[in-house]
Amino acid sequence: MAARRILVFPSSAELGPVLVSLVTSRAEKAITSRGRFTLGLSGGSLVSMLGKELLALPDLDCSKWLVGFCDERLVPFDDPESTYGLYEGELFSKINIPESGILTIDPSLPVDQCAEDYTRKLKEAFPGEKLPVFDLLLLGMGPDGHTCSLFPDHPLLEETEKIVAPISDSPKPPPQRVTMTFPMVNSARCVAFVSTGGSKAPVLKEVLEGREGPAFPAARVVPTNGELFWLVDDPAAASLTIQLERPGSGAKL
C-alpha cells in the first residue's frame with residue numbers, strides 16, 4: 001500500500017490543472033509500459049473540471065485511452081442524470097477517443113442484468129485479469145461520505161465477490177445504479193479523490209482523520225498496491241489537523 005497524499009489548493013481553479021497533470025502523467029506512463037491508458041471516471045464536479053482542463057491541453061492524444069465508469073445511473077444517456085451523457089457533451093465528443101475506448105452500461109437492461117453486462121464488458125476489456133486493474137480511478141465523495149454508489153451502512157459495502165454490483169435503493173436519486181465494488185476500486189494502480197467546497201469539511205475530517213463508529217465508504221478506499229491521492233480545496237480542508245501538502249498550481253504528480 002502506497003502512502004496517502006493529501007494535497008490542498010486555494011480553490012478548484014488551482015486544483016484542476018494539477019488533477020489533469022496527474023491524468024496525463026499516468027497516461028504517458030501506462031502507454032509507455034502497457035500500450036494503453038485505462039481511466040475510471042466519476043460524475044459530479046469532475047465532469048466540468050476535466051472537460052475544461054483536458055481540452056485546454058494543446059496536444060492531447062486520447063487514441064490509446066480506455067475509459068470506464070466507477071458508477072453510473074440507470075437512466076437513458078440523454079437524461080441529465082447520466083454520467084456518460086454528461087461526459088459525452090463536455091469531453092468525449094471533443095477528443096480523439098475511439099468509440100471502442102468508452103465502456104458504457106446498457107441502460108435498457110434491468111439493474112441486475114445491467115451490472116452483469118457491465119462486468120462482462122470490463123472482463124473482456126481486461127483479458128486474463130481476475131480483477132480488472134485500472135491505471136487511474138477518479139473519485140468524488142458525497143457529504144455523507146459515500147463514493148461511487150457505495151453508501152454508508154449499505155450491504156454493498158461488504159461485497160467481496162462481484163467487481164460491479166447493482167443497487168436499486170440508492171439513498172440519493174436516481175435509485176437504480178451500477179457501481180464498482182471495493183475489491184475493484186482497491187485494485188487500481190492509482191486512485192485520486194477530488195473534494196471541494198465547505199460542505200465537505202466535516203465529513204472529510206472524519207474520512208481522513210477517523211471517527212467513532214464504522215468508517216465512511218470513502219475511507220475504505222485503500223489501494224492494495226496503488227497510489228492514493230486526495231486533492232482538496234481550502235474550504236473542504238478547513239477542519240483538518242493532519243499533515244497536508246500545499247503544492248502550487250504548476251505541481252506535477
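The model is a predicted one, in which local features need pLDDT of at least 70 and side-chain atom pairs count only at pLDDT 80 or more, while totals for chains, interfaces and linings use all residues. I kept in mind that residues are numbered from 1 along each chain as its sequence is written, and that side-chain values use heavy atoms, with hydrogens and water left out.

**Strand β2 and its partners**

I then followed β2, residues 37–41, and noted that it pairs with β5 (residues 136–139) in the parallel sense over two bridges; two strands count as paired if DSSP finds at least two bridges between them. With β3 (residues 65–69), β2 also pairs in the parallel sense, over five bridges, and there I saw F37 opposite W65 and T38 opposite L66. Between β2 and β3 the chain passes through helix α2 (residues 45–55), and this β-α-β crossover is right-handed, meaning that with the strands pointing away from the viewer the path from the first strand over the helix to the second runs clockwise.

Is β2 mostly covered or mostly open? I found five of its five residues buried, that is, under 20% relative accessible area, with exposed meaning over 50% and partly exposed in between (1.4 Å probe, protein chains only). F37, L39 and L41 point one way from the strand, and T38 and G40 the other way.

**The sheet**

I wrote down the strand order of the open six-stranded sheet as β1-β9-β8-β5-β2-β3, with parallel pairing. Its edge strands are β1 (4–9) and β3, each of which pairs on one side only.

**Backbone points in the loops**

I noted as background that most residues other than glycine have a negative phi, and that most peptide bonds are trans. In the loop between β5 and β6 I looked up C148, which has a positive phi of about 50° although it is not a glycine, and which counts as buried because its relative accessibility is 7%. D153 lies in the loop between β5 and β6 and has a phi near 65°, but it counts as exposed because its relative accessibility is 71%.

My last entry concerns the cis peptide bond that joins P173 and P174, with omega about -5°; P174 lies in the loop between β6 (164–167) and β7 (177–180).

Definitions and conventions. Helix = DSSP H or I, 4+ residues; strand = E, 2+ residues; numbered from the N terminus.
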